[in-house]
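Please open the model in your viewer and keep a selection panel at hand.

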Amino acid sequence: MRRQRALLACVVFIVIGFFACVMPDYPQGVRFDAFIRFPLEVPLVALALLLAPRRLAQVLAVLATIAVFCLLFLKIADIGVLSAFQHRFNPYLDIKMMADGWNLLSGSVGRPGALAVVGLVAFGIGLLLWAFWWASTMLGRFHGGLRTVSIVAFGVITGLGVALIAAGPRAGAANIAELRQVGYLGDRLSLVARSVEDIRVFETSLATGVGRSDAADLFGSIEGRDVILVFIESYGRSAIDDARYGTLIRPRLDTIGRQLEAAGFASASGWALSPTVGGLSWLAHGTLLSGLWVDSQARYDLLMRSDRPSLNRLFRDAGWHTVAVMPAITMDWPEAAYYGYDTVLAAKDLGYRGKPFNWVTMPDQFTLSAFERLARRPGEENRKPVMAEIALISSHAPWTPVPRLIDWSQVGDGTVFNEQAESGDSPPVVWSDHERVRRQYVETIDYALETLGDYIARFGDDAVFVVLGDHQPASLVTGPDASRAVPVHVISRDADLVKRFLPEGFSPGMIPQAHATEGSMDRLRERLIRNFSAPPAP
C-alpha cells in the first residue's frame with residue numbers, strides 16, 4: 001500500500017507539474033501538439049524535494065504549489081485577456097477587469113451559465129493544487145529504499161531531458177520546454193515593474209500640458225451649432241475591411257453617404273487607433289476626450305482624479321451646454337464629474353419603458369429619439385448650442401436579438417420595441433455557433449449605422465457630427481492580430497469645415513481609404529479643436 005501511494009504521488013506530481021509547465025498561454029496555442037513537450041523543471045523540483053531535509057522539503061512543497069498556482073492562473077488569465085482584449089494579463093493593471101469580465105460573460109451566456117463556468121474553473125484549479133501539494137508533500141517524506149529508487153528514477157528523467165535538449169529544439173516528437181517557467185514568471189514581474197514606471201510617466205503627463213482652453217478663437221468655426229460626438233460600440237476597422245463583414249457594411253455606408261448628400265450633408269472619413277479592443281469602452285472615451293493615451297484602468301482612474309480639462313469641459317467653457325447620453329449607465333457614475341457635463345442622461349433618465357435587449361438596455365433608435373426630445377428640443381427659446389457625447393450600444397455583445405429600424409414617429413416610450421426584444425435566440429444558443437456570433441455582430445453594426453444615418457438625415461439640421469467606433473470587437477470576430485483602428489466620420493452641412501480634415505488622412509465620403517494613416521485616437525482631440533477653431537475660409 002505504501003509503494004502504491006508513493007507511485008501515485010510521483011504520477012500526480014509529474015502529470016500536474018508537466019501540465020502547468022506546458023500549458024499554452026495564448027488562445028491559438030491550445031492544441032494537442034502544444035502539450036508534447038518536456039519541462040525539465042519538473043524532475044529538478046522533484047529531486048530537490050527528495051534530497052532536502054524533511055522540514056525544508058515541506059517549505060519547498062509549499063513554494064512549488066504556489067508556483068504551479070501562479071503558472072495556471074497567469075496562463076488562464078492570458079488566454080482570457082488575449083481572447084477578449086488582445087493583450088496579456090497584467091496583474092498590476094488588469095486585476096480590476098475581473099468584474100468587467102464577469103459582466104461580459106454573464107451577459108453572453110447568462111448568470112447561471114457564468115456561475116457554472118467560474119465555479120467549474122475554480123473547483124478544477126483548487127483540486128489540481130490540492131493534489132499537487134499532497135504529491136509534493138509525499139515526495140518530501142520518502143525515506144529508505146523508496147527514497148533511493150525515486151531519486152534514481154527522477155535522475156534518469158532529468159538526464160533524458162538534458163539529452164533531448166542537447167539534441168536540439170526537436171528530438172523525435174518531443175518539443176523541449178527548457179527552463180522557461182522561471183522566465184515566464186520573471187517576465188510577468190518585469191511587466192509589473194514597467195507598468196509602475198508607465199503610471200509615473202502618465203502622472204507627469206497629467207501634471208503638464210493641461211490642454212488648450214483659453215484660445216480666443218476656440219471653436220469659432222462652429223459657433224452656435226450643436227456638436228454631437230457619437231461612439232458606436234464595437235465598430236472597428238474589420239467591419240469595413242474584413243470580407244466577412246464588408247459585403248454588408250460597405251454598401252450600408254455608401255447608402256448612408258447618398259442619403260446624407262441628398263439631405264445636404266458632406267462627410268469625410270478616416271481611421272483612429274483605439275487604446276482598447278474587445279471592451280473597456282470608457283478607455284476610448286477617456287483617450288479622445290482628454291487627448292492622452294488611456295490604455296489601462298489605472299491610467300483612467302488617474303485621469304478621473306486629474307485637473308486636465310476634457311473636450312466636453314472646453315466646449316462648456318466656450319458657451320455650449322454639454323450633455324452625456326449613456327444608455328449603458330445603470331448605476332452611480334462618479335466619473336461624470338471629471339468630464340464636466342451640464343446634463344447626464346443615463347439609462348434611467350432616458351424614459352425607456354420597453355424590455356431590454358439582453359445586456360443592452362435599449363435600442364439605439366430610442367437613445368437617439370430620447371436625445372432629440374430631451375436635449376435638442378427642450379422648447380426653450382435662445383437655448384445654448386448643445387455639445388453631446390452619445391454612446392450607441394445596440395452593437396454590444398452578445399449581439400442578440402438584432403434590433404430593426406422603425407418609423408421615428410412610433411418610437412414613443414419604447415414599448416413598441418418589446419416584440420423585437422423578445423425575438424431571436426438566447427445568448428447561449430447564439431454563442432454555441434461562432435459563425436452565427438459573427439453574423440449577428442455585423443447585423444447589429446449595420447443596424448447602428450442605418451439608424452444613425454437616418455437620424456442625421458432627418459434631424460441633423462445644422463449640427464456637426466463626429467462618429468467613430470470605440471474599439472474593435474474581440475478576436476473571435478476579427479481573428480488574431482487584427483488592426484486596432486476604428487472608423488471616424490465627420491459629417492456637417494458645412495462642406496468647407498469637412499474639407500479641413502482631408503489633408504489629415506481623411507477622405508471624402510463615408511468609407512475611409514484602406515491606405516490612409518491610422519492616427520492615434522488621443523491625437524484626434526487636437527485635430528477636432530484645431531479644425532473647429534480655425535477661421536472660416538475666405
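## A buried aromatic pair

Begin with Phe-532, which counts as buried because its relative accessibility is 2%; bear in mind throughout that this is a predicted model. A search of the whole structure finds 19 aromatic pairs. Phe-501 and Phe-532 form one that is edge-to-face, with 6.1 Å from centre to centre and 70° between the planes. The pair links distant parts of the chain, since Phe-501 lies in the loop between helix H19 (495–499) and strand E11 (507–508), while Phe-532 belongs to helix H20 (residues 521–533), 31 residues apart.

## Other rings

Select Tyr-245, Trp-399, Trp-431 and Tyr-441 together, and you have a cluster whose members are linked by ring pairs. Then move to Trp-271, where the charged end of Arg-237 sits over the ring, 4.0 Å from its centre.

## Salt bridges

A search of the whole structure finds 18 salt bridges. Select Asp-226 and Arg-376, whose side chains meet in one of these, at 3.0 Å from N to O. This pair also links distant parts of the chain: Asp-226 is in the loop between helix H7 (181–207) and strand E4 (227–232), and Arg-376 is in helix H14, 150 residues apart. How accessible are the two partners, Asp-226 and Arg-376? Asp-226 counts as buried at 6% relative accessibility, and Arg-376 counts as buried at 3%.

For another setting, select Lys-348 and Asp-349, which form a salt bridge whose closest N and O atoms are 3.1 Å apart. Here Lys-348 is exposed, with a relative accessible area of 71%, whereas Asp-349 is partly exposed at 30%.

Next select Arg-436 and Asp-425, which form a salt bridge with the closest N and O atoms 2.6 Å apart. Arg-436 lies in helix H17 (residues 434–459) and Asp-425 in the loop between H15 and H16, so the pair ties together parts that are eleven residues apart in sequence. Arg-436 is buried, with a relative accessible area of 18%, while Asp-425 is partly exposed, with 34%. Return then to Arg-237, which salt bridges with shared partners join to Asp-241, Arg-250 and Glu-518 in one network.

## An enclosed strand

Colour strand E6 (residues 321–326) and ask: is E6 largely enclosed or open? Five of its six residues are buried, so E6 is largely enclosed by the rest of the structure. Bring in strand E8 (residues 386–392), which pairs with E6 in the parallel sense over five bridges, and then strand E7 (residues 343–346), which runs parallel to E6 and is joined to it by four bridges.

## Backbone details in the loops

Follow the chain into the loop between E8 and H15, where both Pro-398 and Pro-401 are placed. The peptide bond from Ala-397 to Pro-398 is cis, with omega near 20°, and the bond from Thr-400 to Pro-401 is also cis, with omega near -5°.

Select Leu-280 in the loop between strand E5 (266–273) and helix H10 (281–290). Its phi is near 55°, a positive value in a residue other than glycine, and Leu-280 counts as buried at 8% relative accessibility. Asn-358, in the loop between E7 and helix H14 (364–376), also has a positive phi, near 60°, but Asn-358 is partly exposed, with a relative accessible area of 35%.

From Asn-358, display Ser-426: the two are 68 residues apart in sequence and 8.4 Å apart in space, C-alpha to C-alpha. Ser-426 is found in the loop between helix H15 (418–421) and helix H16 (427–431), and at 35% relative accessibility it counts as partly exposed.

## A nonpolar patch on the surface

Finish by selecting Leu-56, Val-59, Val-62, Leu-63, Ile-66, Phe-123, Leu-127, Trp-130 and Trp-133, which form a nonpolar patch on the surface with about 910 Å² of accessible area together. The elements giving two or more residues to this patch are helix H3 (54–85) and helix H5 (111–141), and H3 gives the most, with five residues. As a last stop, pick out Phe-123 in helix H5, which counts as exposed at 58% relative accessibility.

Note on methods:
Residues are numbered from 1 along each chain as its sequence is written. This is a predicted model: local features need pLDDT of at least 70, side-chain atom pairs count only at pLDDT 80 or more; totals for chains, interfaces and linings use all residues. Side-chain values use heavy atoms; hydrogens and water are left out. Patches are made of residues with over 30% relative accessible area and no salt bridge: like charges are joined within 9 Å, nonpolar side chains (Val, Leu, Ile, Met, Phe, Trp, Tyr) within 5 Å. Accessible areas come from the Shrake-Rupley method with a 1.4 Å probe; for residues, only the protein chains shown count as cover. A salt bridge is a side-chain nitrogen of Lys or Arg within 4 Å of a carboxyl oxygen of Asp or Glu. Buried means under 20% relative accessible area, exposed over 50%, partly exposed in between (1.4 Å probe, protein chains only). Two strands pair if DSSP finds at least two bridges between them. Rings of Phe, Tyr and Trp (its six-membered ring) pair if their centres lie within 6.5 Å; planes under 30 degrees apart count as stacked, over 60 as edge-to-face and the rest as tilted. A charge sits over a ring if NZ of Lys or CZ of Arg is within 6 Å of the ring centre and within 35 degrees of the ring normal.
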